[in-house]
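Hi,

Here is the structure I promised to pass on.

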Amino acid sequence: MDDRTSLLRRTARWLEALVSGWPLRELRTSEQELREGRAEAARARLWAILERAPNWAEPWHLLGRIAAANGERDWEERLEREALARDPEHALAQAALLELQAWRHKPLMDAWAHYHAGRWLAGAEAFYAAWLECGARVPELGRAEALAGLGWCRLELALPGAAADAFWDALVDRPGDVSARRGLAIAWFQLARHAEAEALLERLTAERPDLGVAHAFHGWCAYALGSYPRALERFERACAADPTLADARWGRGWSLWRLGRSAEALHELRGAIALGPSHPSAGDALDLAGADPSFDELLEPLARGLVRARASESATAAARRAQSWGNGAAARRIEAAVASASCDPALDALEALVSRREDTLERAGAAAADEGQRLRLSWIRARACELQGNFRLARQIVAELAPRHAARIEWRELASRIATESTP
């Protein structure tokens, strides 16, 4: 809203008060009392005004400011909503509620930033702290998200039993939660409860045939059990649901390699690296490229991907193994790629979100070298806006996406979530 529009609306409110016979002089006196630090006197005067003019938004807003100054956040929200109920276009009440929603969602936002930056223990502690605050600072609806986030952190910490507990508790709060169901399947699989994991994924993929990530892990279940034709079939479904899903392309590449279809495997792995060079199996692929000349064109992109994922030690170890196998040329190419690579700016941006270092976030954005990196940075911004309650800006980010990116499952789900939300 520009200054002119804001002035016109303020003038309209004052004219309405004047025509309605509301006590303008008393309101100005209460504003003066607030400026002089006499909050209790202002509070008493404002309640007296509301006895005479209960449909006037301005006294409700000023009472909300007093509550905010006293740290009474629940009262602040109630009072500002009372103001908006009487004047839905009250800009100051809208701004106050937006700031309040950002404050309420910050524990979850920071916990996810820890998770995506690879700080699993800090993320688990942050999600647990956010869960404890659900119903107080954090909205009650955030309980399932906090538990699911705790589960994902525990998976990364190699604690599948504890992760399964967290995902199960999340599903008690929100039985249909896709993230928790997928996480529980992964945890069960790691606990060797393969039949239960596959059964859960069967139901999930039947309900959500568009969910490529579920089809992909369903494929990895079959792959781990040595059923490569079945794995390939499931990875094909994942790719059909989401052609841009790197995990599915990696799975399809490895399945083809296991089935002896090396030329097709090379093609798939090349595409997988372009979509997600830091996949968990990238180290194994680098060993394959160092041992089999048919795959040596993958040496540099795999090594650079590992460095960007802060796994340069894995790339260096692969170079040593290639040297021990007598492939000195491959070892030198890996070492040169490691020396020239840099870290992923998207990870730096996630770290900046936790510490609120906007300058670092801007530098990370400027350092984004390719479209994939810029897309990841856009996702960070959109997700942060959603958690802060700034749905208007989140929708704007989604609207600016190229159609091929907007069709991705994570962007479609984000757009669906924020479509019906309103920024106060």
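**Aromatic pairs**

The count of aromatic pairs comes to twelve, where rings of Phe, Tyr and Trp (its six-membered ring) pair if their centres lie within 6.5 Å, with planes under 30 degrees apart called stacked, over 60 edge-to-face and the rest tilted. One of them is Trp47 with Trp60, edge-to-face at 5.6 Å centre to centre and 85° between the planes. This pair links distant parts of the chain, with Trp47 in helix 3 (residues 39-52) and Trp60 in helix 4 (residues 57-69), 13 residues apart. Helices here are DSSP runs (H or I, at least four residues), numbered from the N terminus.

Trp47 is partly exposed at 33% relative accessibility, while Trp60, at 11%, is buried. Buried means under 20% relative accessible area, exposed over 50%, and partly exposed in between (1.4 Å probe, protein chains only).

Trp220 and Phe235 are also edge-to-face, because their ring centres are 5.0 Å apart and their planes at 70°. Trp220 is buried at 17%, and Phe235 is buried at 0%. Elsewhere, ring pairs join Trp112, Tyr115, Trp120 and Phe127 into a cluster.

One more thing on rings: the charged end of Arg73 sits over the ring of Trp103, 4.3 Å from its centre. That label needs NZ of Lys or CZ of Arg within 6 Å of the ring centre and within 35 degrees of the ring normal.

Before you dig in: this is a predicted model, where local features need pLDDT of at least 70 and side-chain atom pairs 80 or more, while totals for chains, interfaces and linings use all residues. Residues are numbered from 1 along each chain as its sequence is written, and side-chain values use heavy atoms, leaving out hydrogens and water.

Cheers

Definitions and conventions: Helix = DSSP H or I, 4+ residues; strand = E, 2+ residues; numbered from the N terminus.
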